[in-house]
Amino acid sequence: EVERALHRHGCERIVVTEPGEWRVLEMMQEWAQRFDVPVEIRPDDRFLCSLSEFRKWADGRKSLRMEFFYREMRRKTGWLMEDGQPLGGQWNYDAENRKSLPREISLPSRDRFEPDKTTRDVMKMVERRFPDHFGELDAFGWAVTRDDALEALDHFITACLPGFGDYQDAMKSGEDFLFHSLISPYLNIGLLLPREVCEAALAALEREKAPLAAVEGFVRQVLGWREFVRGLYWLLMPDYADGNFLDAKRPLPDFYWTGETDMNCLREAIGNTRRNAYAHHIQRLMVTGNFALLAGIDPARVEVWYLLVYIDAFEWVELPNTHGMALFADGGVLASKPYAASGAYINRMSDHCRDCRFKPREKLGESACPFNYLYWNFLIENEDRLRSNPGMGLAYRNLDRMEAEHRNAVREQAAGFLAERLSE
């Protein structure tokens with residue numbers, strides 16, 4: 001397409017913004033020789049931390065942790081700061097943002113946008129060319145213009161941000177969005193900018209329309225996590241993508257593509273993904289990601305799935321989150337320990353287990369939640385790699401108390417389950 005554009009317009013040079021994927025950058029770097037024209041690759045200024053600034057921050061550090069980067073960005077911007085100290089006396093209110101959703105809570109209605117003619121034409125083209133595509137087009141309602149993206153931001157700030165903090169880790173069957181912002185697609189394609197979305201949240205705090213914990217949690221996702229994973233991606237690529245610390249090699253189950261599984265939490269998360277090309281961060285990390293981690297699925301296969309199915313997925317953000325955070329394939333570069341959890345976590349943070357044929361309190365047997373025995377099997381399979389991890393000490397002390405007979409039964413049931421569900 002670049003070659004065609006050069007010929008069509010008689011261009012004498014190329015000026016382009018740096019891309020969001022290493023593979024594309026490598027292509028761009030070959031254009032000058034291939035097309036025999038000067039090429040200028042300009043920094044992407046839609047971020048709050050430049051790549052050179054991130055490299056300077058990372059230089060010489062033994063470990064790269066988002067929390068310390070986030071604090072530097074708070075100091076730089078002055079956001080949620082008072083006299084050089086964090087507003088409210090804490091840098092991070094994450095501990096206050098992990099509440100399960102009350103059964104009778106009223107959830108905000110969500111703005112969805114009627115597809116315009118261009119969007120409808122594209123939808124028809126997709127149906128014609130890709131009739132067996134993964135997703136569902138009937139419910140498409142994402143903003144495709146700057147004005148609609150601004151409307152979506154305003155709706156989040158006014159209707160959802162007050163409840164976002166408390167319930168950002170919660171899940172509920174049949175509810176795809178809860179209090180989440182739904183603005184990551186607009187940030188990642190440039191319809192919204194990170195500064196304006198953070199300042200909108202800060203203005204709500206100033207007007208006392210949203211609590212500090214909710215605003216801090218949202219700002220941390222944008223100013224902290226989003227900027228951090230982008231910097232990490234460009235700092236460590238291309239070798240970063242090749243890591244497989246846990247030597248996970250199993251195939252991706254078919255139900256990631258069909259959504260047809262008797263595990264209700266996975267069915268809900270994948271169903272949401274198919275309907276909306278979206279799932280919120282706990283569904284991605286602690287349901288689909290956690291299952292892939294416990295089941296020992298090949299990171300490259302999981303990463304392809306995440307990149308293909310989500311509307312906000314660019315490799316700079318998808319790869320670190322999946323490779324490092326969800327799968328621990330980088331051995332602790334991004335996260336200090338694996339985010340591995342049994343069925344108890346999902347039961348605590350959702351109502352999914354209530355309508356599932358598996359029981360979260362049963363450890364073994366036909367009705368036992370697969371996350372339970374897969375969790376212990378994961379610890380056993382990766383004992384040589386993980387036992388020395390300080391964050392895994394309690395888990396391995398609990399494993400050490402397990403009777404040999406129970407341990408063998410865990411291994412046997414996990415092996416049978418994986419052989420049945422993950423066959424190619």
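The model is predicted, so local features need pLDDT of at least 70 and side-chain atom pairs count only at pLDDT 80 or more, while totals for chains, interfaces and linings use all residues. Residues are numbered from 1 along each chain as its sequence is written, and side-chain values use heavy atoms, without hydrogens and water.

Let's begin with the cavities. How many cavities of 30 Å³ or more does a search of the whole structure find? The search finds three. A cavity here is a set of points on a 1 Å grid over the protein atoms alone where a 1.4 Å probe fits but cannot get out, and lining residues have an atom within 4 Å of a point. Volume is the space filled by probe spheres set on those points, which are joined across faces, edges and corners.

The largest cavity holds about 90 Å³. Its lining includes Cys265, Cys353, Cys356 and Cys369. The second largest cavity holds about 70 Å³, and among its lining residues are Arg110, Asp111 and Arg112.

Now for the helices, which are DSSP runs of H or I, at least four residues, numbered from the N terminus. The axes of helix 9 (residues 212-236) and helix 14 (residues 315-326) come within 8 Å and cross at roughly 90 degrees. Axes are lines fitted to C-alpha atoms over the stretch in contact, with angles from 0 to 180 degrees between N-to-C directions. So helix 9 is roughly perpendicular to helix 14, a term for angles of 65 to 115 degrees. Their contact (heavy atoms within 4.5 Å) includes Trp225 and Tyr233 of helix 9 and Trp316 and Pro320 of helix 14.

Key. On a 1 Å grid over the protein atoms alone, a cavity is a set of points where a 1.4 Å probe fits but cannot get out, and a pocket is an open set with protein on both sides within 12 Å along at least five of seven lines; lining residues have an atom within 4 Å of a point. Helices (H or I, at least four residues) and strands (E, at least two) are DSSP runs, numbered from the N terminus. Angles under 35 degrees count as roughly parallel, over 145 as roughly antiparallel, 65 to 115 as roughly perpendicular and the rest as oblique.
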